[in-house]
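Hi,

Here is the structure I promised to pass on.

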Amino acid sequence: VGVEARLLDERELAKAGTRERLDTALVGGLTLALLAGIALGALLSAALKAVRRLRGMTVTETASRMNMAKRTYERFEAGETRFNIDYLHRFARATASDPFAPLLAVAIGSPEFAARCADNQFGAVLMGALRGLDRQAGSLLPLLSARDIIDAATALQTQFIEDARGT
């Protein structure tokens, strides 16, 4: 499996909300973000804002639905706090969105992914499928080749796109 690394340009950094270096690697068609802590916070912040705005919610309303002080929520949404899984689940409940999508959005370097998956729960379904694969395949997983995994993921990606386009 070839790995190709690149440095994002300043326009991409501005979209992520940081001027820090943001390195990514392209592995079998999937982009994995290899980020400094500040860039991770900026990506998570952008993902959370995208979902909140999709829902048409204000900061005050979101904080209230999460049962937290507005300033605490502001710091969480801004990526100024240590990652807190409880906050992320509270956010998902408050916004009726996918709790895993913001994490996956950070991992792939695409904050928009969180909003795109807010309604269809793609991240939660994916995580459930991975959990099921781990339970069923268990010790067989190391026997899979990287090529087989890439081929299966590529076929799934193609099928999703065809289904979404109605082709």
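Just after helix H6, Gly109 takes a positive phi of about 75°. This is a predicted model, by the way, so please read everything below with that in mind. H6 itself covers residues 101–108, and its buried residues are Ala101, Pro102, Leu104, Ala105 and Val106.

Another glycine to look up is Gly138, which follows helix H8 and has a positive phi near 45°.

Most residues other than glycine have a negative phi, which makes the next two worth a click. Asn67 has a phi near 60° and lies in the loop between H3 and H4. Is Asn67 buried or exposed? Its relative accessibility is 68%, so it counts as exposed, the cut-off being over 50%. Gln121 also has a positive phi, about 60°, and you'll find Gln121 in the loop between H7 and H8. With a relative accessible area of 25%, Gln121 is partly exposed.

Now for the inside. How many residues does the largest nonpolar core have? The count is 22, and the residues with the most contacts inside this core are Met66, Tyr73, Phe76 and Phe91. Helices H2 (37–54), H3 (59–65), H4, H5, H6 and H7 (112–116) each supply at least two of the core residues, and the largest share, 5 residues, comes from H2. In soluble globular proteins, nonpolar side chains tend to be buried together.

Leaving aside residues up to four places away in sequence, Met66 touches Tyr73, Phe76, Tyr87, Arg90, Phe91 and Ala94.

Last, the outside. Phe83, Ile85 and Leu103 form a nonpolar patch on the surface, with about 260 Å² of accessible area together. Phe83 sits in the loop between helix H4 (70–77) and helix H5 (85–95). Phe83 is partly exposed, because its relative accessible area is 46%.

Cheers

Definitions and conventions:
Residues are numbered from 1 along each chain as its sequence is written. This is a predicted model: local features need pLDDT of at least 70, side-chain atom pairs count only at pLDDT 80 or more; totals for chains, interfaces and linings use all residues. Side-chain values use heavy atoms; hydrogens and water are left out. Patches are made of residues with over 30% relative accessible area and no salt bridge: like charges are joined within 9 Å, nonpolar side chains (Val, Leu, Ile, Met, Phe, Trp, Tyr) within 5 Å. Accessible areas come from the Shrake-Rupley method with a 1.4 Å probe; for residues, only the protein chains shown count as cover. A salt bridge is a side-chain nitrogen of Lys or Arg within 4 Å of a carboxyl oxygen of Asp or Glu. Helices (H or I, at least four residues) and strands (E, at least two) are DSSP runs, numbered from the N terminus. Buried means under 20% relative accessible area, exposed over 50%, partly exposed in between (1.4 Å probe, protein chains only). A nonpolar core is a set of buried Ala, Val, Leu, Ile, Met, Phe, Trp, Tyr and Cys residues joined through side-chain atoms within 4.5 Å. Contact means heavy atoms within 4.5 Å.
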